[in-house]
Amino acid sequence: MSDGVVSIFGLVAGMVAGAQSGNVILLAGATAAIAATVSMMAGVFLDIESERDCARVEEEERAAGIRRDPEGAVNKLISDLRETGLSQKSLDAIREDMAKNPPAIQKFEDAVAGEEETAAQKTSPIIHACWMGVADFIAAMTPVVPFIFLPLEQAKIVFIFGTAILLVLLGIGRAKLGERPLARTVLETFAIAAAAAIAGALVGLLIS
């Protein structure tokens, strides 16, 4: 979301500095917001698909390795478990069980490692991409909406304050999710957005 709002904020700031019509700003901002949303959705979808493909290939390679050399896989497992401090009796029992059912080694290792599917992996890539698209579109359209309903001069003011409020909320969200210092995280979010706005405004002034 922060990427979407910052990029569109910079674009609209450039348009505000150089354009004389709210309709031009609206057209450019809405077009960019839609393009950014589609790009974000595609990126999320492909990332999840790639992550799942990599996990699947890794699982298949591990399973194939166990099938090729089940005794070696059992020995490696016992060697790794020996470093945990398990008693020889426990190791012998595990060795006996795994020797009877080598494919269970893979599930056993995953259970010991505590590996679980992430929320993104459990959710359909399409559903996850759609949710991300909706959130990113709402954030990206925030700097643009004032130019739909208000005259140009009033829209410029609302655009700044509306985006500022959203940036504060995004900064608070980032701070809570990452357990980071609140003030610092909000200021970082503002600084990034300000840099984008300054860059956009400079381009707008130069072109105009």
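This is a predicted model: local features need pLDDT of at least 70, side-chain atom pairs count only at pLDDT 80 or more; totals for chains, interfaces and linings use all residues.
Which residue forms a salt bridge with Lys76, and how far apart are the closest N and O atoms? The partner is Asp80, at 3.1 Å. Residues are numbered from 1 along each chain as its sequence is written, and side-chain values use heavy atoms, with hydrogens and water left out.

**View 1**
A salt bridge is a side-chain nitrogen of Lys or Arg within 4 Å of a carboxyl oxygen of Asp or Glu. Helices are DSSP runs (H or I, at least four residues), numbered from the N terminus. Lys76 is exposed, at 51% relative accessible area, and Asp80 is partly exposed, at 36%. Buried means under 20%, exposed over 50% and partly exposed in between (1.4 Å probe, protein chains only).

**View 2. Salt bridge between Arg56 and Asp53 in helix α2.**
The closest N and O atoms of this pair are 3.5 Å apart. Both residues are partly exposed, Arg56 with a relative accessible area of 42% and Asp53 with 36%.

**View 3. Salt bridge between Lys156 and Glu153 in helix α9.**
The N to O distance is 3.5 Å, and the two residues are 3 apart in α9 (residues 152–178), about one turn of the helix. The whole structure holds 9 salt bridges.

**View 4. Nonpolar surface patch with residues from α2 and α7.**
Ile34, Val38, Val134, Phe137 and Ile138 make a patch of about 440 Å². Patch residues have over 30% relative accessible area and no salt bridge; like charges are joined within 9 Å, and nonpolar side chains (Val, Leu, Ile, Met, Phe, Trp, Tyr) within 5 Å. Areas come from the Shrake-Rupley method with a 1.4 Å probe. Helix α7 gives the most to the patch, with 3 residues. Val134, in α7, is partly exposed at 45% relative accessibility, whereas Gly133 and Asp136 are among the buried residues of α7.

**View 5. Cysteines Cys54 and Cys130.**
Cys54 is exposed at 54% relative accessibility, and Cys130 is partly exposed at 37%. With a disulfide defined as a pair of cysteine sulfur atoms within 2.5 Å, the count is 0.
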